[in-house]
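Please look through the model below before reading on. My notes follow as numbered points.

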Amino acid sequence: MTTVHIRVAGDREHLDEAATIWAEATAARDGEAEVAPLSLARPLIQRVIERSPRSLLVVALDASDRVVGFAAVEPVSADGSTAEVRYLAVRPGSWGGGVGRQLMLALPGVLAAAGFTHGELDVYLDNPRAVNLYEELGWIPSGDAAPHPRTGRLEQRYRLGLAPHR
């Protein structure tokens with residue numbers, strides 16, 4: 001197991017690393033030979049973290065302080081109580097090392113500390129490793145699965161109640 005340190009990145013800190021991981025991980029997940037360039041991947045992550053002052057980029061750093069995973073999160077509810085995990089990825093070379101698990105175990109505490117009471121995320125149902133991890137960690141399916149508007153792949157929303165931060 002790869003031991004990582006989870007923390008909230010500072011303003012634009014680690015943005016390029018997160019975008020590169022997103023491009024590499026989605027290409028690997030989808031069996032694509034070509035990885036999207038940083039110029040296409042960066043705006044996706046940047047829009048999320050710049051959309052609200054409460055948006056967060058949560059990073060997983062290995063022993064060499066290299067970003068090996070991340071979650072880009074933004075508030076979604078009108079009252080700001082729900083955080084949506086918009087992007088979550090682990091560097092493909094770190095897959096199977098427990099990085100995603102450690103990130104998902106730390107995320108509820110990070111979100112609660114930021115004042116959120118619930119977390120939400122969407123996952124492709126044809127990604128059983130992610131689905132199994134989320135369910136094992138207490139995330140509950142919310143509503144019916146629906147086709148993703150761009151890919152057509154079935155996607156399920158998951159929700160998690162967060163314990164109040166002390």
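**Notes on the model**

1. Arginine 51 and glutamate 74 join their side chains in a salt bridge, with 2.9 Å from N to O. A salt bridge here is a side-chain nitrogen of Lys or Arg within 4 Å of a carboxyl oxygen of Asp or Glu. The two residues are 23 residues apart and link distant parts of the chain. Arginine 51 sits in the loop between α2 (38–50) and β2 (56–61), and glutamate 74 in strand β3 (residues 67–75). Helices (H or I, at least four residues) and strands (E, at least two) are DSSP runs, numbered from the N terminus.

2. A word on the source. This is a predicted model, in which local features need pLDDT of at least 70 and side-chain atom pairs count only at pLDDT 80 or more, while totals for chains, interfaces and linings use all residues. Residues are numbered from 1 along each chain as its sequence is written, and side-chain values use heavy atoms, with hydrogens and water left out.

3. Is glutamate 74 buried or exposed? Glutamate 74 is buried, at a relative accessible area of 5%. Buried means under 20% relative accessible area, exposed over 50%, and partly exposed in between (1.4 Å probe, protein chains only). Arginine 51 has 48% relative accessibility, so it counts as partly exposed.

4. Glutamate 74 also meets arginine 86 in a salt bridge, at 2.7 Å from N to O. This pair again links distant parts of the chain: strand β3 holds glutamate 74, strand β4 (residues 82–90) holds arginine 86, and they are 12 residues apart. Arginine 86 is partly exposed, with 32% relative accessibility.

5. Arginine 153 and aspartate 126 form another salt bridge, at 2.8 Å from N to O. They are 27 residues apart. Arginine 153 is in the loop between β6 (140–147) and β7 (154–161). Aspartate 126 is in the loop between β5 (118–124) and α4 (128–136). Aspartate 126 counts as partly exposed, at 47% relative accessibility.

6. How many salt bridges does a search of the whole structure find? The search finds 15. Some form a network, which links Glu84, Glu120, Asp122, Arg157 and Arg159.

7. Now the helices. The axes of helix α1 (residues 15–30) and α2 come within 8 Å and cross at roughly 115°. Axes are lines fitted to C-alpha atoms, for helices over the stretch in contact, and angles run from 0 to 180 degrees between N-to-C directions. The α1 and α2 crossing is right-handed. A crossing is right-handed if the near helix is turned clockwise from the far one by less than a right angle, and left-handed if anticlockwise.

8. Which residues meet where α1 packs on α2? In α1, they include Leu15, Ala19 and Trp22; in α2, Leu38, Ile45 and Ile49 are among them. Contact means heavy atoms within 4.5 Å. By class, the contact of α1 with α2 has 10 nonpolar, 2 polar and 2 charged residues. Ala, Val, Leu, Ile, Met, Phe, Trp, Tyr, Cys and Pro count as nonpolar, Asp, Glu, Lys and Arg as charged, and the others, Gly among them, as polar.

9. Helix α3 (residues 99–113) packs with α4 at an angle of about 35°, their axes 11 Å apart. This crossing is right-handed. Gly100, Arg101 and Met104 of α3 make the contact with Leu133, Tyr134 and Glu136 of α4. The classes are 3 nonpolar, 1 polar and 2 charged.

10. Compare two serines. Serine 94 lies in the loop between β4 and α3. Serine 94 is buried, at 10% relative accessibility. Leaving aside neighbours within four places in sequence, serine 94 is in contact with Arg66, Val68 and Val99. Serine 39 lies in helix α2. Serine 39 counts as exposed, at 57% relative accessibility.

11. Last, check the backbone. Most residues other than glycine have a negative phi. Arginine 12 has a positive phi of about 60° although it is not a glycine. Histidine 14 also has a positive phi, of about 70°, and is not a glycine. Arginine 12 is in the loop between β1 (5–8) and α1, and histidine 14 is in the loop between β1 and α1. Arginine 12 is partly exposed, at 44%, whereas histidine 14 is buried, at 14%.
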